[in-house]
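Please read it next to the coordinates.

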There are 2 protein chains.
Amino acid sequence: MRTRPLKVALLGCGVVGSEVARIMTTHADDLAARIGAPVELAGVAVRRPSKVREGIDPALVTTDATALVKRGDIDVVVEVIGGIEPARTLITTAFEHGASVVSANKALLAQDGAALHAVAEANNKDLYYEAAVAGAIPLIRPLRESLAGDKVNRVLGIVNGTTNFILDKMDSTGAGYQEALDEATALGYAEADPTADVEGFDAAAKAAILAGIAFHTRVRLDDVYREGMTEVTAADFASAKNMGCTIKLLAICERAADGQSVTARVHPAMIPLTHPLASVRGAYNAVFVESDASGQLMFYGPGAGGSPTASAVLGDLVAVCRNRLSGATGPGESAYAALTVSPMGDVVTRYHISLDVADKPGVLAQVATVFAEHGVSIDTVRQQGKDGEASLVVVTHRASDAALVGTVEALRKLDTVRGVASIMRVEGE
Amino acid sequence: MRTRPLKVALLGCGVVGSEVARIMTTHADDLAARIGAPVELAGVAVRRPSKVREGIDPALVTTDATALVKRGDIDVVVEVIGGIEPARTLITTAFEHGASVVSANKALLAQDGAALHAVAEANNKDLYYEAAVAGAIPLIRPLRESLAGDKVNRVLGIVNGTTNFILDKMDSTGAGYQEALDEATALGYAEADPTADVEGFDAAAKAAILAGIAFHTRVRLDDVYREGMTEVTAADFASAKNMGCTIKLLAICERAADGQSVTARVHPAMIPLTHPLASVRGAYNAVFVESDASGQLMFYGPGAGGSPTASAVLGDLVAVCRNRLSGATGPGESAYAALTVSPMGDVVTRYHISLDVADKPGVLAQVATVFAEHGVSIDTVRQQGKDGEASLVVVTHRASDAALVGTVEALRKLDTVRGVASIMRVEGE
């Protein structure tokens with residue numbers, strides 16, 4: 001074994017960073033055996049240097065992250081700061097000064113993954129980021145390596161633990177959204193400002209990364225259709241139960257039937273209780289992958305948390321260190337397929353639509369005519385009357401999002417339709 | 001991109017091999033893009049050369065596998081023959097003549113993995129075998145790369161599709177073992193001679209491979225305790241239901257509480273219906289991994305079949321070809337931890353024991369005394385009488401296998417115990 005250690009610079013020392021540092025220290029012998037050389041924590045860049053960090057030599061701590069990545073003797077920079085800047089500039093600088101990079105930064109990878117890969121490649125360095133998607137669940141490595149000889153057609157996943165906790169709670173207790181969110185906040189599953197989670201921004205970033213890797217095509221955050229789950233109601237869960245379904249916030253990346261374009265989207269959807277994703281409880285994540293040769297695979301585990309995320313970072317760190325020792329680099333960006341990323345209007349799926357309508361003769365015929373005029377075929381209709389008003393639940397066959405949007409617009413213009421109570425996509429059938 | 005192709009020799013052209021050849025041809029451009037150079041099928045070794053093989057140039061077909069691996073211009077040998085010989089000699093010869101190897105051969109890897117790794121390393125070549133365990137499910141790569149910075153404590157898996165199909169059928173229909181086996185055979189899920197599957201030999205080989213990788217310790221097939229599932233009865237399933245459990249044939253690899261030894265075993269066991277493995281249906285496989293930092297991960301998918309296995313082979317082929325191009329090798333055997341592999345007697349778990357006893361006063365006291373004398377603590381007892389006979393179901397707290405075996409021996413000697421109807425371990429709690 002080589003005795004000269006590989007030097008690691010840690011950018012950020014919060015929940016994940018401190019756990020990375022702790023494992024690097026406590027499992028030093030194991031890591032050395034797995035890598036073939038010892039690894040040494042050479043510096044830790046933080047914002048608040050005065051904070052006491054157990055187990056970390058204060059002499060290693062600095063507030064000057066730029067100087068740390070420019071040192072020139074750093075083998076691997078581990079970036080766990082998050083956000084776009086200064087992370088982007090620091091990673092770029094690290095590549096230019098000879099380091100490879102392990103990052104857990106989903107927002108940055110989703111927005112600027114292609115540019116960062118280009119800098120890594122120009123400098124013949126590695127950029128690994130297993131921790132950016134679904135925490136400890138090995139997902140990026142299986143997708144870009146294990147399935148490298150296969151053709152992925154769909155990735156369907158629960159990639160945000162906070163929203164899954166909330167939806168699971170609503171499903172199992174009948175609670176409303178706010179009540180379930182309050183509990184998630186009290187238990188530490190939701191942040192004080194839960195916007196990034198509940199509005200689907202976090203999941204959309206992960207969807208962009210997953211779609212890019214799965215389809216060998218650049219997919220940016222802006223390409224991902226995004227709809228949050230704050231408007232899901234207890235009534236929606238009751239409707240889902242009637243359908244033998246539950247509701248999950250899903251990230252869905254799909255290859256179109258013609259194979260030449262892809263879509264990526266995040267929204268709440270009904271999925272059948274028999275689907276493996278339906279039984280993913282609490283804050284767990286799971287990603288379902290469908291491919292030509294492998295059929296259906298699922299990867300399940302904790303999607304967040306300091307230790308699981310640190311495990312993913314360390315797996316990458318071992319791989320990158322091994323690459324350094326052998327003078328090689330791992331798989332870089334694979335965007336050769338360069339498929340078209342289609343807009344949401346092109347997505348084809350089924351819909352569950354609840355309408356409040358006047359309870360009088362001819363209403364169903366009017367509504368059915370609107371669906372027919374827009375080319376949306378109806379699978380089932382259920383009507384329930386109450387005091388001159390009625391609710392009409394329509395479940396459609398597969399139709400494009402554009403056709404559905406047109407249908408709903410036209411429905412809203414009917415005098416007999418008092419309101420569109422909810423529209424929910426039906427997936428995983 | 002390099003234009004000179006990498007040359008691949010295929011050993012075996014059955015269900016898996018022909019699918020590998022098919023995908024190599026139909027997805028040639030994709031593979032070239034992912035590897036960075038084209039791959040060319042340079043030879044196919046078969047036993048029956050006269051058989052028509054669609055899509056394979058007859059000029060490539062040979063019966064002389066040895067000459068093929070000795071050619072010297074082969075970059076990668078794909079071995080999908082199975083069995084110990086001639087596969088072992090061919091793989092060794094391939095390494096010695098400059099090729100890396102991708103294998104799907106679980107029996108060989110379980111028996112001679114260490115020796116093959118040594119030859120690979122001596123020749124600075126790769127030995128990859130994702131397809132050897134759980135078909136298309138990426139499992140070996142996640143274990144040896146993604147979790148390379150983590151400490152795995154337990155691997156608990158359904159790694160044989162045939163037996164899972166049979167047990168699932170027994171569970172859902174109340175069928176007996178023979179009836180369910182007959183259906184599995186009729187549907188092609190079981191072979192004409194199902195011994196390797198139903199007696200747990202196949203699962204034991206996979207357990208040896210998984211334990212070796214998970215614990216960085218050599219674990220041979222002989223180290224794995226093995227018990228088949230041919231004696232599981234409808235009555236056992238009824239007992240399991242009473243416990244809120246189902247029955248699965250599990251491969252279980254565990255690190256002992258002291259961290260210094262490991263065990264590996266295959267046997268039927270009760271697991272709670274709430275455990276993610278309980279809902280793995282039909283011929284699917286799933287492997288549950290528990291580690292220090294990641295917590296609980298699960299990998300799920302088709303465990304066998306030509307296409308899924310071919311997908312795993314091709315993922316390895318891409319990785320090995322990329323390594324060839326960069327002049328590097330991937331992770332080799334990692335056995336540095338060299339933990340003791342303990343015998344079955346050291347395994348600690350819970351037990352569900354059904355006894356046929358005389359229905360008279362004092363029997364329960366006698367039975368309870370035997371358990372106490374062997375240090376096996378009882379959790380619950382359920383007694384049911386019928387015509388002077390009674391059945392007694394005892395569920396224990398955690399105890400060593402050695403203590404349990406001693407208890408059962410002593411129970412059999414009691415006059416009041418007519419017979420031990422079944423002993424089933426309870427796992428996953």
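Two strands count as paired if DSSP finds at least two bridges between them. Strand 5 (residues 100-103) and strand 6 of chain B meet that rule, pairing in the parallel sense over 2 bridges. The model is predicted, and side-chain atom pairs count only at pLDDT 80 or more.

**Contact between chain A and chain B**

- Chain B brings 46 residues to the contact, and chain A brings 46 residues.
- The size of an interface is often given as the accessible area lost when the parts come together.
- Here the area buried between chain B and chain A is about 3,700 Å², and carbon and sulfur atoms give 55% of that area.
- B:Arg34, B:Tyr300 and B:Tyr336 supply 17% of the area that chain B buries against chain A, which is more than any other three residues.
- There are 24 residue pairs in polar contact between chain B and chain A, with both residues at pLDDT 80 or more.
- On the side of chain B that touches chain A, at least two residues come from each of helix 2 (28-35), helix 6 (140-146), strand 12 (295-302) and helix 12 (306-326) of chain B.
- Helix 12 of chain B gives the most to this side, with 8 residues.
- By residue class, the side of chain B that touches chain A holds 23 nonpolar, 14 polar and 9 charged residues.

**Strand pairing across the chains**

- Strand 12 (residues 295-302) of chain A and strand 12 of chain B run antiparallel and are joined by 3 bridges.
- A:Phe299 has B:Phe299 in strand 12 of chain B as its bridge partner.

**Parallel sheet in chain B**

- An open sheet of 6 strands in chain B has the order 3-2-1-4-5-6, with parallel pairing.
- Its edge strands are strand 3 (61-62) and strand 6 (127-128) of chain B, each of which pairs on one side only.
- Between strand 5 and strand 6 of chain B, B:Val101 has B:Leu127 as its bridge partner in strand 6.

**Annotated region of chain A**

- An unreviewed UniProt entry places the feature "domain: ACT" at residues 352-425 of chain A.
- Over residues 352-425, chain A is 31% helix and 47% strand, and the end C-alpha atoms lie 6 Å apart.

**Backbone geometry**

- Most residues other than glycine have a negative phi, and most peptide bonds are trans.
- The peptide bond from A:Glu85 to A:Pro86 is cis, with omega near 5°.
- A:Pro86 sits in the loop between strand 4 (76-79) and helix 4 (87-96) of chain A.
- In chain B, a cis peptide bond joins B:Glu85 and B:Pro86, with omega about 10°.
- B:Pro86 is in the loop between strand 4 (76-79) and helix 4 (87-96) of chain B.
- A:Ala134 is not a glycine, yet its phi is positive, at about 60°.
- The position of A:Ala134 is in the loop between strand 6 (127-128) and helix 6 (140-146) of chain A.

**Salt bridges**

- Side chains of opposite charge can pair when their charged atoms come close.
- Over all chains the count is 49 salt bridges, and between chain B and chain A the count is 2.
- B:Arg141 forms a salt bridge with A:Glu145, with the closest N and O atoms 3.4 Å apart.
- Within chain B, B:Arg324 forms a salt bridge with B:Asp75, with the closest N and O atoms 3.0 Å apart.
- That pair links distant parts of the chain, 249 residues apart: B:Arg324 is in helix 12 of chain B, and B:Asp75 is in the loop between helix 3 (65-69) and strand 4 of chain B.

Terms used
Residues numbered from 1 in each chain as written. Chains lettered and ligands numbered in written order. Predicted model: local features only at pLDDT ≥ 70, side-chain atom pairs only at ≥ 80, totals over all residues. Heavy atoms only, no water. Contact = heavy atoms within 4.5 Å. Buried area = accessible area lost by both parts, 1.4 Å probe. Salt bridge = Lys/Arg side-chain N within 4 Å of Asp/Glu carboxyl O. Polar contact = N/O pair within 3.5 Å; in protein donor to acceptor, adjacent residues only side chain to side chain. Helix = DSSP H or I, 4+ residues; strand = E, 2+ residues; numbered from the N terminus. Nonpolar A, V, L, I, M, F, W, Y, C, P; charged D, E, K, R; others polar. UniProt positions renumbered as here; feature names shortened; annotations may be inferred.
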